Amino acid sequence: KLQFLYFIGAQKEMSSKVATVLLLLLWGSGCEGHTFSLKVSGDKRRVMDLGVFGFGGKGVLQLEVKSLSLDDKDAEKTEKQIGFTLDRVNTALLARQEKNYGKGEGAKNGRCFVDDEQVVPKDAIEGWRHTFPVQGMLRVESPVKRVFPKREIVVPGLYALFFYNCKKFNNGTADGTSITPVPVNFEVTVTELNILPSGKKSYLSHGKRFLPEMYGCFTMTFIVVLGLWARALVHNTRNVTKIHHLMTTLVVFKILSLFCEMMKEYWKRQIGHITAWNYFFYVFLTLKGIMLFTVILLLGTGWSVLKPFLSEKDKRIIAAILPLQILIHTAIAVIEESSEGAASYTHWRDMLLISDVVCCCVVLLPIIWSIKNISETRGKATDGKEEATLNRLRQFRTFYAIVVVFIYFTRIVVPFIETALPFRKTWMAPFLAESASLAFYFFAGWKFGPQSPVPKSSGDERGRDIEEVPLTQADQRNPSLQG
């Protein structure tokens with residue numbers, strides 16, 4: 001009995017500890033909200049872009065720097081400047097251009113980033129630049145930690161945080177060349193926040209402070225869409241096919257990803273920390289992305305709507321795209337949660353976005369093949385099937401155009417708009433992306449729902465209409481392709 005009671009007590013204690021850990025993960029850890037931390041080692045960049053943040057007129061910035069050192073001890077004794085600077089910029093795009101100028105033309109002209117009037121003129125409005133020099137930390141023998149006093153940001157705007165290293169900078173030589181800065185090592189923790197009129201802290205950028213409410217509205221909207229879709233399926237059970245159930249699953253994953261994103265942004269606004277909602281969000285975002293590509297691919301091939309089988313070409317594309325999408329979404333999740341100042345951040349982020357666009361273009365191939373097959377079938381169709389074939393051709397051409405517009409808008413236009421928006425309007429980029437997704441889901445459900453305007457024929461006739469003959473001789477030898 002004693003052993004049994006001891007076992008029960010141990011299990012209860014274990015359950016209590018697990019519950020405590022889960023609560024800490026869900027609600028965050030600690031009350032101080034650090035926006036991000038960055039550790040660099042042996043970095044030779046003249047200028048590092050540590051990201052942008054919108055301050056609404058009553059903001060606070062605090063830096064904590066530790067373990068600052070240079071690989072060249074002689075360079076530590078020079079008076080060349082090294083440190084951090086917070087510059088007011090109009091857009092995130094201009095912040096990147098400012099960094100590229102400091103690394104390129106500014107360096108060729110022998111100007112230190114913090115002294116270059118092309119970056120911030122000397123007659124700029126007071127409060128447009130805040131500097132945090134760290135030269136004094138290098139004069140200490142052992143590594144020290146320095147916490148800069150909290151800096152109040154009273155001029156509203158979008159601010160870009162940079163690290164600059166002018167050690168061993170030549171100030172212009174006769175041949176116009178410049179010496180590469182000595183490698184630097186340091187760790188920095190940055191806290192950026194806004195003080196709301198109510199006195200509460202918000203760790204979201206000023207233009208994104210209402211993102212949780214926006215994602216909550218979209219979550220409710222998609223729940224309504226799911227209800228309408230389920231009602232259509234129940235009222236038309238005879239016309240429901242497998243693709244309709246996959247489309248239902250897609251909407252469910254979309255709702256879950258939106259809900260997790262709402263919670264992620266809410267707790268980021270409250271405490272500034274990464275919580276378990278971040279991981280839940282990326283899990284459901286990956287599942288939603290896989291299901292979205294699957295639905296587009298299967299709709300493009302006409303599977304379950306026009307034909308009951310997949311060709312070998314369709315299977316090869318699906319087998320190539322879906323694992324690649326898992327890899328891309330996982331890598332994007334890792335990159336998005338890393339600090340912008342990391343040396344490989346921009347390179348990997350851009351490469352992953354380009355890979356995502358390439359995958360989006362590949363999923364268009366089945367739609368193009370379906371349009372081509374239907375066009376060939378149309379010329380050989382009998383009078384009774386001419387109208388049905390023409391309707392199918394119009395349906396797939398429209399679907400192709402909508403998919404192209406959706407991909408171009410969400411993968412190319414929206415990211416560009418996000419970098420060009422003023423700091424008060426940065427919420428518009430995610431709003432446009434979610435609005436485009438809502439419109440695309442609605443169109444797909446309307447065109448390929450159980451009440452599709454395209455006349456449906458029997459399973460045998462679908463295969464005949466779309467492929468011109470039921471099965472080729474090669475296909476007849478492969479039982480896996482026969483219905």
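This is a predicted model: local features need pLDDT of at least 70, side-chain atom pairs count only at pLDDT 80 or more; totals for chains, interfaces and linings use all residues.
Residues are numbered from 1 along each chain as its sequence is written, and side-chain values use heavy atoms, with hydrogens and water left out.

The protein chain holds 14 helices and ten strands, taken as DSSP runs (H or I, at least four residues, for helices; E, at least two, for strands). Its length is 483 residues, of which 45% are buried; buried means under 20% relative accessible area, exposed over 50%, and partly exposed in between, with a 1.4 Å probe and protein chains only. With contact meaning heavy atoms within 4.5 Å, 81% of the contacts between residues at least 6 apart in sequence join residues at least 24 apart.

Turning to the aromatic rings, 17 pairs are found. Rings of Phe, Tyr and Trp (its six-membered ring) pair if their centres lie within 6.5 Å; planes under 30 degrees apart count as stacked, over 60 as edge-to-face and the rest as tilted. W427 and F431 form an edge-to-face pair, because their planes stand at 70°, with ring centres 5.9 Å apart. W427 is partly exposed at 34% relative accessible area, and F431 is partly exposed, at 34%. The rings of F440 and Y441 also meet at 70°, with centres 6.4 Å apart, so this pair is edge-to-face.
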